[in-house]
Amino acid sequence: DAVPLDVKTGLWEVKVSGHSKGTLPIPADELDKLPPEQRARLEQVMANTKAAMNHDRAFKECITEEQLKRGFKTANEDESCKQIIRSSSSTMMEVGEECTGKQKASATIRFKAISSKEVKGNIHVVAGNGANTMTIDNIIRAKWLGADCGGLKPGATEDE
């Protein structure tokens, strides 16, 4: 079992900044199968997604004791993705994630508890392979707001 970070549970404010490089990993042969209008829409969505990854964002999250024990999950819902806690202590946690399905990806997530009310971390993701590879690097800063999550459910987030 992982040693959970020694931080308070409840409502946290999370700020993420970072950048991405490369191309979203959608194989060219998949794009070639699409009708021109649909391909153009998808390419616009891909451009918007990449642009959004290069902007800072902030949100609130309700963190529970259970989340602290199992490590922090990425938003990836691909069943081929396996997550492993590489190391954990009361002040540091490193989690790795490997996705081996159609969309190949590898992620490393590191968190450091500065205090029981402040956490800093970073996420490094490499998605795709060959010509269609994207690298994402994010810096995370989180501060505890209070024990009461209000109407926010455990594990849920709310954009600020």
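Why is the disulfide of cysteine 81 and cysteine 99 right-handed? The torsion about its S-S bond is about 110 degrees, so the disulfide is right-handed. This is a predicted model: local features need pLDDT of at least 70, side-chain atom pairs count only at pLDDT 80 or more, and totals for chains, interfaces and linings use all residues. Residues are numbered from 1 along each chain as its sequence is written, and side-chain values use heavy atoms, leaving out hydrogens and water.

**View 1. Cysteine 81 is bonded to cysteine 99.** Their sulfur atoms are 1.9 Å apart (a disulfide is a pair of cysteine sulfur atoms within 2.5 Å). Cysteine 81 lies in strand S3 and cysteine 99 in strand S4, so the pair ties together parts 18 residues apart in sequence. Strands (E, at least two residues) are DSSP runs, numbered from the N terminus. Both cysteines are buried, meaning under 20% relative accessible area with a 1.4 Å probe, protein chains only.

**View 2. A disulfide joins cysteine 62 to cysteine 149.** The S to S distance is 2.2 Å. Cysteine 62 sits in strand S2, and cysteine 149 in the loop between S7 and strand S8, 87 residues apart. Cysteine 62 has a relative accessible area of 5%; cysteine 149 has 13%.

**View 3. Valine 14 belongs to the largest nonpolar core.** The core has 24 residues: buried Ala, Val, Leu, Ile, Met, Phe, Trp, Tyr and Cys joined through side-chain atoms within 4.5 Å. Valine 14 touches residues including Phe59 and Ile140 (contact means heavy atoms within 4.5 Å).

**View 4. Lysine 8 meets tryptophan 144.** The charged end of lysine 8 sits over the ring, 5.1 Å from its centre (the rule: NZ of Lys or CZ of Arg within 6 Å of the ring centre and within 35 degrees of the ring normal).

Conventions:
Buried < 20%, exposed > 50% of the residue type's maximum accessible area, 1.4 Å probe, protein only. Helix = DSSP H or I, 4+ residues; strand = E, 2+ residues; numbered from the N terminus. Lists of a residue's contacts leave out its neighbours within four places in sequence.
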